[in-house]
Amino acid sequence: TLKNLSCVFRRQGKLNKALEYLINAKEIAVRLNKNEPSAITYLNLCAVYSQLGEHQKAFDCAKNAIIYCQEDLIDFKSLNKVEQLTGVNFAKLKEKVTFLAIAYYNLAAVSYTHLTLPTIYSVQISVVAVLLKK
């Protein structure tokens, strides 16, 4: 897939090529599914933008990843009662929680390392707002 190819280019240090593939993957996801791209796409975009020194864009992608991870977990919860979490369902839940943890880590890493304090405070406020909304 385009996301997988972007990871290969990123590992090779071809960051602009990786970014190109991720942006194409995001645009195709929107066109085909008529919805937003996956949290994984935003996590990958965050990593590439950060490596390119585009920290505000990396920050924005990390925020989007958090939102989509949370939505995935809410959707998963509504489809699968906690009592029914066995085998495959539990593995999927664990994966979704792991992606959410990575997204929060990326958000913190970018904001505390590269952005200003007002930006950090706005992150805390926006994350709380998203949590209250759900």
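## Overall layout

The model is a predicted one.

The chain has 134 residues, and 34% of them are buried. Take the contacts in the chain with a separation of 6 or more: residues 24 or more positions apart account for 56% of them.

## Helix α1

Helix α1 covers residues 2-11. Its buried residues are S6, C7 and F9. They span an arc of only 165° around the axis, which puts them on the same side of α1. The cover over these residues includes α2 and α3.

After α1 comes G13. The phi of G13 is positive, near 85°.

## Helix α2

Helix α2 takes in residues 15-33, 19 residues in total. From first C-alpha to last it reaches 27 Å. That is close to the 27 Å expected at 1.5 Å a residue.

Which residues of α2 are buried? They are L15, A18, L19, Y21, L22, A25 and A29. Looking down the axis of α2, these buried residues fall within an arc of 165°, so they line one face of the helix. An α-helix has 3.6 residues a turn, so residues three or four places apart point the same way. On the other side of α2, N16 and R31 are exposed. The buried residues of α2 pack against two helices, α1 (2-11) and α3 (39-51).

## Where α1 meets α2

The axes of α1 and α2 lie 8 Å apart. The packing angle is about 165°. Angles over 145 degrees count as roughly antiparallel, and α1 and α2 are therefore roughly antiparallel to each other. α1 passes α2 in a left-handed crossing.

On the α1 side, the contact is made by L2, K3, L5, S6, F9 and R10. On the α2 side, it is made by L15, K17, A18, Y21, L22, N24, A25 and I28. Two of the α1 residues in this contact, S6 and F9, are among the buried residues of α1.

## Helix α3

Helix α3 has 13 residues. It reaches 19 Å from its first C-alpha to its last, close to the 18 Å expected at 1.5 Å a residue.

How many residues of α3 are buried? The count is 10 of its 13, and the helix is mostly covered. The buried residues are A39, T41, Y42, L43, N44, L45, C46, A47, V48 and Y49. α3 is followed by G53, whose phi is positive, near 85°.

## Where α2 meets α3

α2 and α3 pack at an angle of about 155°. Their axes are 10 Å apart. That angle makes α2 roughly antiparallel to α3. The crossing of α2 past α3 is left-handed.

From α2, the contact draws on L15, A18, L19, L22, I23 and K26. From α3, it draws on T41, Y42, N44, L45, V48, Y49 and Q51. L15, A18, L19 and L22 are among the buried residues of α2. They are also listed in the contact with α3.

## Where α1 meets α3

How do α1 and α3 lie, and at what angle do they cross? Their axes come within 11 Å and cross at roughly 25°. Angles under 35 degrees count as roughly parallel, and that makes α1 roughly parallel to α3. This crossing is left-handed.

In α1, the residues that take part are K3, C7 and R10. They meet T41, N44, A47, V48 and Q51 in α3. C7 is one of the buried residues of α1. T41, N44, A47 and V48 are among the buried residues of α3.

## A residue in α4

N64 sits in helix α4, which covers residues 55-79. Its relative accessible area is 27%, so N64 is partly exposed.

How far is N64 from T41? Along the sequence, the two are 23 residues apart. In space, they are 9.7 Å apart, C-alpha to C-alpha. T41 belongs to α3, where it is buried.

Methods. Residues are numbered from 1 along each chain as its sequence is written. This is a predicted model: local features need pLDDT of at least 70, side-chain atom pairs count only at pLDDT 80 or more; totals for chains, interfaces and linings use all residues. Side-chain values use heavy atoms; hydrogens and water are left out. Helices (H or I, at least four residues) and strands (E, at least two) are DSSP runs, numbered from the N terminus. The expected span of a helix is 1.5 Å times one less than its number of residues. Buried means under 20% relative accessible area, exposed over 50%, partly exposed in between (1.4 Å probe, protein chains only). The arc is that of the directions from the helix axis to the C-beta atoms. Contact means heavy atoms within 4.5 Å. Axes are lines fitted to C-alpha atoms, for helices over the stretch in contact, and angles run from 0 to 180 degrees between N-to-C directions. Angles under 35 degrees count as roughly parallel, over 145 as roughly antiparallel, 65 to 115 as roughly perpendicular and the rest as oblique. A crossing is left-handed if the near helix is turned anticlockwise from the far one by less than a right angle, and right-handed if clockwise.
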